[in-house]
Amino acid sequence: MNWQNRLITIYLYVCKHYQQNLWIYSQRMSNHADLSFSDEEVITLFLFGVMDKHREIKGIYEYADRYLRDWFPRLPSYVAYVQRLNRVADVFAPLLALIQQEQETKNAGQVWLTDSFPVILARQGRRFNACVAKQLADSGYCSTKKLYYHGVRVHIIGRRQPGSLPIPEYIGVTGASDHDGKIFDQIRPQLYNNELYGDKAYQRPDAECIRRAQNLTVLTPVKKQKGQHHLEPQDQWLSTAVSRVWQPIEALFAWIEEKTGIECASKVRSYNGLMVHVFGKLAAALFFWNFLRVSS
């Protein structure tokens, strides 16, 4: 699919759902606001820019200003565009939910895979002075990257698809300090009759009770006991087997990062900007995977 058809596909999808129900999530404008550049165009331009691998809003705007004036003749100034984008920040989360609902689930009976990845507003020493999006973001530690940061954590539970990336079914965003296990405890009551693979953070002392109550088997690598230097052979084999099944969720995160640059949010300056950055980029990634990937 060429870029023109891709742009039209995004615009038609956004218009359809915005006019049906997404419009209720956008902020109301004053009676004298200039709406010649519509909310649908604001959202479409952002999604298209992210899929075109522009990492920052300024890059998206500059590309549109230079090459897409014929498509967006009423494109406002950069400052006005950012203001309009922040006004529709609450649209991206329900838009992401709609894209998830319409995705093709090839193997609904497959096991779940779960993990989280960071979205970093400030890292290391700079996190102490960070004050962006305090309503949600805070300071935490990412063990995978061995990094202290100020930001949020994106949690995903996806269906395993052999030979392909997992299909996300549950997506949530919390502060960086929220432990994976704590968040899993909140979503766990909705999970039944399946197996779920995660890393050591999802290990629970009440795993047997969960299995009996919900028919949900939570499988994680085996933790070493205090003072234990090496795992027993059977524990090592189990950990290796679990890690092999669980690894595709990490591949999904790497693909989302490569496609959108979501993990670096150092240019975000407000809560609304953070919502656009997180949910807007996730929506762009999943829209591309579900509707544009095959024909690209």
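This is a predicted model: local features need pLDDT of at least 70, side-chain atom pairs count only at pLDDT 80 or more; totals for chains, interfaces and linings use all residues.
Residues are numbered from 1 along each chain as its sequence is written, and side-chain values use heavy atoms, with hydrogens and water left out.

Arg84 lies in helix H4; helices (H or I, at least four residues) and strands (E, at least two) are DSSP runs, numbered from the N terminus. With a relative accessible area of 8%, Arg84 is buried, where buried means under 20% relative accessible area, exposed means over 50%, and partly exposed lies in between (1.4 Å probe, protein chains only).

A polar atom of the His277 side chain lies 2.7 Å from the backbone oxygen of Ile262. When neighbours within four places in sequence are left aside, His277 is in contact (heavy atoms within 4.5 Å) with Val119, Gly261, Ile262, Cys264, Ala265 and Val268.

Charged pairs come next. Side chains of opposite charge can pair when their charged atoms come close. A search of the whole structure finds 10 salt bridges, each defined as a side-chain nitrogen of Lys or Arg within 4 Å of a carboxyl oxygen of Asp or Glu. One of them joins Asp178 and Lys182, with an N to O distance of 3.4 Å; Asp178 is buried at 18% relative accessible area, whereas Lys182 is partly exposed at 47%. Another links Arg204 to Asp185, with the closest N and O atoms 3.2 Å apart. Arg204 is in the loop between strand S5 (194-197) and helix H7 (207-214) and Asp185 in helix H6 (residues 180-187), so this pair ties together parts that are 19 residues apart in sequence. Asp185 is partly exposed, at 32% relative accessible area.

Within helix H7, Glu208 and Arg212 lie four residues apart, about one turn of the helix, and their side chains meet in a salt bridge of 3.3 Å, N to O. Glu208 is partly exposed at 36% relative accessibility, while Arg212 is exposed at 65%. Salt bridges with shared partners also join Asp185, Arg188 and Arg204 into one network.

At the surface, Trp3, Ile8, Tyr11, Leu12 and Trp71 form a nonpolar patch, with about 460 Å² of accessible area together. Such areas come from the Shrake-Rupley method with a 1.4 Å probe; for residues, only the protein chains shown count as cover. Patches are made of residues with over 30% relative accessible area and no salt bridge, like charges being joined within 9 Å and nonpolar side chains (Val, Leu, Ile, Met, Phe, Trp, Tyr) within 5 Å. Trp71 is in the loop between helix H3 (57-67) and helix H4 (78-87), and is partly exposed at 35% relative accessible area.

How values were computed
A polar contact is a pair of N or O atoms within 3.5 Å; within protein, one must be able to donate a hydrogen and the other to accept it, and residues adjacent in sequence count only if both atoms are side-chain atoms.
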